[in-house]
Amino acid sequence: MTSAHFIIDTTLIRQKDLGSLDQIQGQLTAAQVVTSFQKASTQNPVYSLARKVAKTLQTEEVLPIVVIGNPASLNATLAAILDFDASMRWPLLLINWSDKSHSTNHLVKQILTSLNNQTIQQVPLGLVTGSVPKQGKQYFLDSFQVGPDFSAILPKFNQKFSWKHAFHQMFSFWGQASRNQNKISFSWTLRFGHTYQNHSKTLGLQIILGQNGVASEIRLVNQLPWPQLMLTYLRGKKGVENPSRKGFTTIPLTIPADFHIQDIQSVKTDGRLLQSGAYSFTMTITGTYPIMAVTEN
């Protein structure tokens, strides 16, 4: 059985579920797969912990890093590793922590089975270079998000829909950003190849990297009253024809691509809080990164 480093994003875990982490750590330790076990918090975020782990990786054999969290947690771990040493390629395994109740035994079995099977895929590695938010670069896997977390209702109409997840995101956004969408919507421009586009009053967007022959794309949520936004989404889920999707837009993306966001107001890129201002960055793909697939018995 392969041992691994563990990073747990406790900011995603409800207070009443935090006690289960000790059980998880105990069972994994008993199975002799724990090299280190780090708990990230608001005061000690995933990026900081992952960077500390990266400093120890230079003198050790190659071991997987297991991230218990969500895709943003995985991206933060990836960014910390590659910011420290862009040549590092330590396999990453993401164990999603959802809003549902968790069986400690099932989660531990899932981790042990995945480490034992070691099914590794080479996944395209995205790179954003420019003001993101400060001058520099940021790596990501699968997707890069600008604005509040709309992942539950973005226009991928064949995804499994979670009412609880969607309403949690909506109410969280509503409470944090105020009822006036004009205060947090932003305009931005996109240039790729011979195409130049301008978009106004966008609430959030995701850059989705293409894989396995599927093209890259951008998914948008544009300014629209919440009841109409949800109605449009549900109509799309039922297959009702609506080319514009009103508040939803999907744009095919050719890489490299240049983004310029004008006067963004107190939102985030990939989970990191931004200061108000204008941001410009170029998005490219820079090779691949080894990702370990989650497997079940």
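Student: Is Asn70 buried, partly exposed or exposed?
Tutor: This is a predicted model. Asn70 has a relative accessible area of 22%. Buried means under 20% and exposed means over 50%. The value of 22% therefore makes Asn70 partly exposed.

Student: Where in the chain does Asn70 lie?
Tutor: Strand E3 covers 65-69 and helix H3 covers 71-84. Asn70 sits in the loop between E3 and H3.

Student: Which backbone nitrogen does the side chain of Asn70 reach?
Tutor: The contact is at the start of H3 and uses a side-chain oxygen of Asn70. The distance is 3.1 Å.

Student: How many residues of H3 are buried?
Tutor: H3 has 14 residues. Among the buried ones are Ser73, Leu74 and Ile81. H3 is largely enclosed by the rest of the structure, because the buried residues number ten of the 14.

Student: What distance does H3 reach from its first C-alpha to its last?
Tutor: At 1.5 Å a residue, 20 Å is expected for H3. The model comes close to that, and its reach is 20 Å.

Student: What pLDDT does the protein chain average?
Tutor: In the chain, 69% of the residues score at least 70. The chain average is a pLDDT of 77.

Note on methods
Residues numbered from 1 in each chain as written. Predicted model: local features only at pLDDT ≥ 70, side-chain atom pairs only at ≥ 80, totals over all residues. Heavy atoms only, no water. Helix = DSSP H or I, 4+ residues; strand = E, 2+ residues; numbered from the N terminus. Buried < 20%, exposed > 50% of the residue type's maximum accessible area, 1.4 Å probe, protein only. Polar contact = N/O pair within 3.5 Å; in protein donor to acceptor, adjacent residues only side chain to side chain. pLDDT = per-residue confidence, 0-100. Expected span 1.5 Å × (residues − 1).
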